[in-house]
Amino acid sequence: RTSGQVVDHFFNMAANNTMGWRRISPSGVVGDTLTPTTRTVQFTPVAFYFQASRVGGSMHQSHPFLSGGGIVPDGWGAVWQADADAPHAVLVRLGRSDTIARSALELPRVPVSPVEREEVIARIRRSLAAYTSHNFKPARIPATKPPIERLVVDAQSRLWIQHTARFGDTTITFDVHDRAGKHLGRVQLPRRVKTYVA
């Protein structure tokens, strides 16, 4: 925010196939690519993903309810991040691993109801019907979901932590924190929307 540079944190095409963020000058010149220190997703790839194949095509997808948390720059040289299993977010200096702050509230994991589990399995099986082979294993679907669905930093450098939705939820809940991790309040949207484009 002091330099006027933009960090394009949606850039995901680094040469070594790791997540990279482009640094862009105020005049639009693309500079170096940053590789943030991150612990946002911890999983065994074989267990996390499943594949389906057929003649002329294939599908690659994650087992349900394993991904969560997130990572987002704060605009001041650090990133807020949360593991998929983390009950809170931590603020880490970009390019280093020292923790500057952490969000005050801890969120619990969200139970996966039997009805939700059966619905998601049925939906996946319907999509797999078009393929000749797959390695989808319903036993790898966990009994609970990650606590945090998404992290967002607004124009005032406040951290918005989106709660993972419970089955049947018609609302979206955020906890809002300042740069030091202090809880400022809770915001609830009256209907579910795609917040990543909001």
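Arg-186 and Asp-175 form a salt bridge in this predicted model, with the closest N and O atoms 2.8 Å apart. Arg-186 belongs to strand 16 (residues 183-189) and Asp-175 to strand 15, so the pair ties together parts that are 11 residues apart in sequence. Asp-175 counts as buried because its relative accessibility is 1%.

**Salt bridge Arg-109 to Asp-85**
- Arg-109 pairs with Asp-85 in a salt bridge, and 2.6 Å separates the closest N and O atoms.
- This pair links distant parts of the chain, 24 residues apart: Arg-109 sits in the loop between strand 9 (99-102) and strand 10 (110-111), and Asp-85 in the loop between strand 7 (78-82) and strand 8 (90-93).
- Arg-109 has 30% relative accessibility and therefore counts as partly exposed.
- Asp-85, at 54% relative accessibility, counts as exposed.

**Salt bridge Glu-116 to Lys-145**
- A salt bridge also joins the side chains of Glu-116 and Lys-145, at 2.6 Å from N to O.
- Glu-116 is in helix 2 (residues 114-128) and Lys-145 in strand 12, so that distant parts of the chain, 29 residues apart, are linked.
- Both Glu-116 and Lys-145 are buried.
- Side chains of opposite charge can pair when their charged atoms come close.

- Strand 12, which holds Lys-145, covers residues 144-145.
- Lys-145 counts as buried because its relative accessibility is 6%, under the 20% cut-off.
- Besides the 2.6 Å polar contact with the side chain of Glu-116, a polar atom of the Lys-145 side chain lies 2.8 Å from the backbone oxygen of Ala-165.

**Surroundings of Val-176**
- Val-176 lies in strand 15, which spans residues 172-177.
- With 8% relative accessibility, Val-176 counts as buried.
- The C-alpha atoms of Val-176 and Val-187 are 7.5 Å apart, and the two residues are separated by 11 residues along the chain.
- Val-187 is also one of the residues that Val-176 touches, again not counting residues up to four places away in sequence.
- Other contacts of Val-176 include Arg-158, Leu-159, Trp-160, Lys-182, His-183 and Leu-184.

Methods:
Residues numbered from 1 in each chain as written. Predicted model: local features only at pLDDT ≥ 70, side-chain atom pairs only at ≥ 80, totals over all residues. Heavy atoms only, no water. Helix = DSSP H or I, 4+ residues; strand = E, 2+ residues; numbered from the N terminus. Buried < 20%, exposed > 50% of the residue type's maximum accessible area, 1.4 Å probe, protein only. Polar contact = N/O pair within 3.5 Å; in protein donor to acceptor, adjacent residues only side chain to side chain. Contact = heavy atoms within 4.5 Å. Salt bridge = Lys/Arg side-chain N within 4 Å of Asp/Glu carboxyl O.
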